[in-house]
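Colleague: I am new to this structure and would like a close look at a single part of it. Please take the open sheet, and then the helices and aromatic rings that go with it.

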Amino acid sequence: MMEIVIQSVPFCYGPTSIAIAVGRLLKKRYNCSITAIGKTPSLELLNAEHGIFFQVIEMENIESHLDVLSSADLIITICDFDFAEICKNKFSKTPLVFIDPLLWMWTAIPNIIEKCELYLALEFPGVSEIVSRSYRESLFMIPQIAEFTCTREKEKVKHEKILVNLGGMLSPLGANFLLALAMCEEIIKVVEESKSLISVDIRTSNDIAKKLQKKLPNTSYVNIGSRPNKVFQSELANCEILLSVPGMSIVYESLMAQVPSVFILPLNYSQHLQIKHYRKIFPKLSEIRGDIFDSFYELSAGIEEADGVRFAKEMGEAFSANASDRAKFRKSLKLLLDNKSKISPLEAYCTVDVSGSAKVMDILQNRNLIWDLK
């Protein structure tokens with residue numbers, strides 16, 4: 001039986017969703033034992049997937065897990081450059097697969113590619129051009145990795161229920177908490193005043209949810225919490241409207257679910273850049289644009305990531321303290337929800353492929369990095 005380790009960078013929920021989707025298909029197709037390694041907030045999602053992972057380990061530091069890594073036949077990391085570097089330094093003979101959902105953000109292919117057996121970049125605008133300039137046999141562009149295991153049935157949709165997705169929010173670079181809090185406060189006010197909405201579910205990581213619970217109204221029509229993937233996808237399938245930050249996994253999940261969706265303001269730098277692309281991919285999307293405010297603007301590409309994160313957080317703090325801009329946000333959202341029949345599910349101008357997990361399996365097998373088919 002193969003021993004496989006899957007680790008995801010602790011940046012919100014996106015990388016962990018990819019790890020779970022890849023792990024699910026590995027477990028389904030191959031005779032393998034999979035160990036998942038992660039940090040908060042990844043652990044919340046990983047621990048809920050009992051059928052996939054033999055064990056889930058909290059990674060305080062890599063030194064404490066040398067036994068697990070040294071016995072692995074294959075290590076897969078989702079976008080964790082530091083982890084990848086250490087693995088190749090300590091376990092140079094163990095094949096390492098690096099899955100990168102953010103190559104479109106980098107100005108060049110990261111140096112870690114020189115040490116990886118495979119570097120798999122998720123398809124997104126700009127990625128094909130970057131890949132085409134390289135002749136490395138280890139580099140592949142693969143479709144987006146997303147899964148939606150529920151079915152949206154009209155008779156089960158809970159009309160008048162709004163689902164708010166903030167993503168995991170926690171990352172080594174910090175959380176834009178004040179912006180998330182301000183948007184939630186204004187969303188709740190709109191629901192309070194609405195005659196066609198009765199409840200709002202706010203979903204994020206457990207630690208952020210607890211902080212929001214202390215700040216937001218404790219009322220019967222507001223539910224704040226963290227949910228495992230399966231439960232969240234059921235809520236997504238059954239809500240009337242999704243309000244979401246422009247992340248990545250959630251966008252493709254809502255596309256697959258065909259849930260009427262509205263993008264609210266981006267919380268981090270990558271989301272600032274993603275919404276620009278989504279306007280082109282989904283020409284009819286509904287959103288509250290960042291460029292209508294005095295204290296908020298849309299960050300441009302090419303900024304150093306640390307600076308982009310800092311600028312996004314500074315804007316969040318400014319927006320939170322700006323009563324005029326908060327009123328604009330509330331007015332824009334009210335206008336959208338008062339005409340909610342005009343809010344449509346995401347519709348791409350061309351076919352969007354989300355079969356990346358299957359492509360990962362094909363490449364692993366072709367490179368003889370995995371065996372023991374069931």
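Modeller: This is a predicted model. In the sheet, strand S8, residues 158-165, pairs with strand S11, residues 239-244, in the parallel sense, and five bridges join them.

S8 and S11 belong to an open sheet of six strands, whose order is S10-S9-S8-S11-S12-S13 and whose pairing is parallel. The edges are taken by strand S10 (222-225) and strand S13 (286-287); each has a single partner strand, so one side of each is left without a neighbour in the sheet.

Next, the helices. Helix H8, residues 229-238, lies across S8, S11 and strand S9 (199-203), and runs at about 115° to S11. Helix H6 covers residues 177-193. From the first C-alpha of H6 to the last is 25 Å, close to the 24 Å expected for its 17 residues at 1.5 Å a residue. H6 is mostly covered, with 12 of its 17 residues buried. Among the buried residues of H6 are Phe177, Leu181, Met183, Cys184, Glu186, Ile187 and Val191. Phe177 also has a charge above its ring: the charged end of Lys211 sits over it, 4.2 Å from the ring centre.

The loop between S9 and helix H7 (206-215) holds Ser205. Ser205 has a relative accessible area of 0%, so it counts as buried. Leaving out residues up to four places away in sequence, Ser205 touches Tyr13, Pro41, Glu44, Gly167, Gly168, Leu170 and Ser226.

Now the aromatic rings. A pair of rings is described by the distance of the centres and the angle of the planes. The structure holds 11 aromatic pairs. One of them is formed by Phe263 and Tyr278, which are stacked, at 5.7 Å centre to centre and with 5° between the planes. This pair links distant parts of the chain, since Phe263 is in strand S12 (residues 261-263) and Tyr278 is in helix H10 (residues 269-281), 15 residues apart. Phe263 and Tyr278 are both buried.

Phe293 and Phe319 form another pair: their ring centres are 5.3 Å apart and their planes stand at 85°, so the pair is edge-to-face. Phe293 lies in the loop between S13 and helix H11 (305-320), while Phe319 is in helix H11, so the pair ties together parts that are 26 residues apart in sequence. Phe293 is buried, as is Phe319.

Ring pairs link Phe263 and Tyr278 with Trp104, Phe124 and Phe282 into a cluster.

For a last point, turn to the start of the chain. Met2 is found in strand S1 (residues 2-8). Met2 is buried, with a relative accessible area of 0%. Apart from its neighbours within four places in sequence, Met2 is in contact with Asn31, Cys32, Ser33, Asp73, Leu74, Leu369, Ile370, Trp371 and Asp372. Glu114 is 112 residues from Met2 in sequence, and the two are 25 Å apart in space, C-alpha to C-alpha.

Notes:
Residues numbered from 1 in each chain as written. Predicted model: local features only at pLDDT ≥ 70, side-chain atom pairs only at ≥ 80, totals over all residues. Heavy atoms only, no water. Pairing = 2+ DSSP bridges. Helix = DSSP H or I, 4+ residues; strand = E, 2+ residues; numbered from the N terminus. Contact = heavy atoms within 4.5 Å. Axes fitted to C-alpha atoms, helices over the stretch in contact; angles between N-to-C directions. Expected span 1.5 Å × (residues − 1). Buried < 20%, exposed > 50% of the residue type's maximum accessible area, 1.4 Å probe, protein only. Phe/Tyr/Trp six-rings, centres within 6.5 Å; stacked < 30°, edge-to-face > 60°. Lys NZ or Arg CZ within 6 Å of the ring centre and 35° of its normal.
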